[in-house]
Amino acid sequence: MNVADLFDAHAIVTTLGLAGILSIIFAETGLLIGLFFPGDSLLFIAGIAASSSAIEVLGSKIPTLPLLVLAPISAIIGSQVGYWFGAKFGRKYFDRPDGRFFNQKKVQATEKWLNKYGTGKALILARYVPFVRTLINPLAGIINVPPRKFFLYNCIGAIIWTQSVIGLGIFLGDKISGSVDKYLLPIIGGIIFLSLIPVIIEVFKELNTRRNLS
């Protein structure tokens, strides 16, 4: 497996199996490099790999119960690491110029998301939004969200996110016959589009606000 495969959800599931899935979930929610890792698509394909037709459509199978139990735990631990990182190193790290792993627009958008929706709602909804689910955890640490409050909503968000997307994969996996390839791109495309809807809505709201002010 080459480095490029680490950013390919299909390759991660079929080559690295459960251990690879859990590692990427942890990194995607806890480390800044996680901005580049697949999130929703990985969980969805993992769900297909845990379905009754996994061998037929993917050529490999992931044990269902360990996946359902360990996936949210990995997401919770990853987010806690991100929160600790933000609390430990503070805003000055995120005030650096645009770098390879993130840019200030993403940081500002994530901070706005957290402030707008409030801690609980923001942490839960962020699970479904690419880049926000990675950056929101250290930013929560930076602005001193109470540890117990963060942990509570971190757990709730992780459980809802992992179980819903994996569950969708399992459900559709049971309905798919033959190779998964002809279904994969349109389904993942749909998942990505749905996950970006909150971002699109925010962009339109921002544009309308600017027009009203001008």
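A residue is called buried when its relative accessible area is under 20%, exposed when the area is over 50%, and partly exposed in between, with a 1.4 Å probe and protein chains only. By that scale Trp84, at 48% relative accessibility, counts as partly exposed. The structure shown is a predicted model, in which local features need pLDDT of at least 70, side-chain atom pairs count only at pLDDT 80 or more, and totals for chains, interfaces and linings use all residues. Residues are numbered from 1 along each chain as its sequence is written, and side-chain values use heavy atoms, with hydrogens and water left out.

The protein chain has 214 residues, of which 45% count as buried. It contains 10 helices and 0 strands; helices here are DSSP runs of H or I with at least four residues, strands are runs of E with at least two, and both are numbered from the N terminus. Contact means heavy atoms within 4.5 Å. Among contacts in the protein chain with a separation of 6 or more, 73% join residues 24 or more positions apart.

The interior may be described through its nonpolar cores, each a set of buried Ala, Val, Leu, Ile, Met, Phe, Trp, Tyr and Cys residues joined through side-chain atoms within 4.5 Å. The largest nonpolar core has 31 residues, and those with the most contacts inside it are Val13, Ile21, Ile25, Leu42, Leu58, Ile62 and Leu67. Two or more residues of this core come from each of α1 (9–30), α2 (40–49), α3 (54–58), α4 and α9. Helix α1 provides the largest share, 9 residues. A second, separate core has 16 residues, including Trp113, Val132, Val145 and Phe150.

Among the buried residues of α8 are Arg133, Thr134 and Asn137, together with Val132, Leu135 and Ile136.

What follows α8? The helix is followed by Asn144, whose phi is positive, near 65 degrees. Asn144 lies in the loop between α8 and α9 and counts as exposed, at 64% relative accessibility. Most residues other than glycine have a negative phi. Asn144 has its positive phi although it is not a glycine.

Rolling a probe the size of a water molecule over the atoms shows where empty space is left. On a 1 Å grid over the protein atoms alone, a cavity is a set of points where a 1.4 Å probe fits but cannot get out, and lining residues have an atom within 4 Å of a point. Grid points are joined across faces, edges and corners, and a volume is the space filled by probe spheres set on the points. The count comes to 1 cavity of 30 Å³ or more, and the largest cavity holds about 40 Å³ of space. Ser79, Leu123, Ala126, Arg127, Arg133, Ile136, Asn137 and Asn154 line this cavity. Helices α7 (119–126) and α8 (132–142) each supply at least two residues of the lining, and α8 gives the most, with 3 residues. The lining divides into 3 nonpolar, 3 polar and 2 charged residues; Ala, Val, Leu, Ile, Met, Phe, Trp, Tyr, Cys and Pro count as nonpolar, Asp, Glu, Lys and Arg as charged, and the others, Gly among them, as polar.

The aromatic residues complete the picture. Rings of Phe, Tyr and Trp (its six-membered ring) pair if their centres lie within 6.5 Å; planes under 30 degrees apart count as stacked, over 60 as edge-to-face and the rest as tilted. The structure holds 3 aromatic pairs. The ring centres of Tyr83 and Phe150 are 4.3 Å apart and the planes lie at 20 degrees, so this pair is stacked. The pair links distant parts of the chain, with Tyr83 in helix α4 (residues 64–89) and Phe150 in helix α9 (residues 147–173), 67 residues apart. Tyr83 is buried, with a relative accessible area of 10%, and Phe150 is buried at 0%. Trp84 and Phe89 form an edge-to-face pair, 6.0 Å centre to centre with 85 degrees between the planes. Phe89 is partly exposed, with a relative accessible area of 38%. Trp84, Phe85 and Phe89 form one aromatic cluster.

Not counting residues up to four places away in sequence, Tyr83 touches Asn137, Pro138, Ala140, Gly141, Val145, Pro146, Pro147 and Phe150.

Note on methods:
On a 1 Å grid over the protein atoms alone, a cavity is a set of points where a 1.4 Å probe fits but cannot get out, and a pocket is an open set with protein on both sides within 12 Å along at least five of seven lines; lining residues have an atom within 4 Å of a point.
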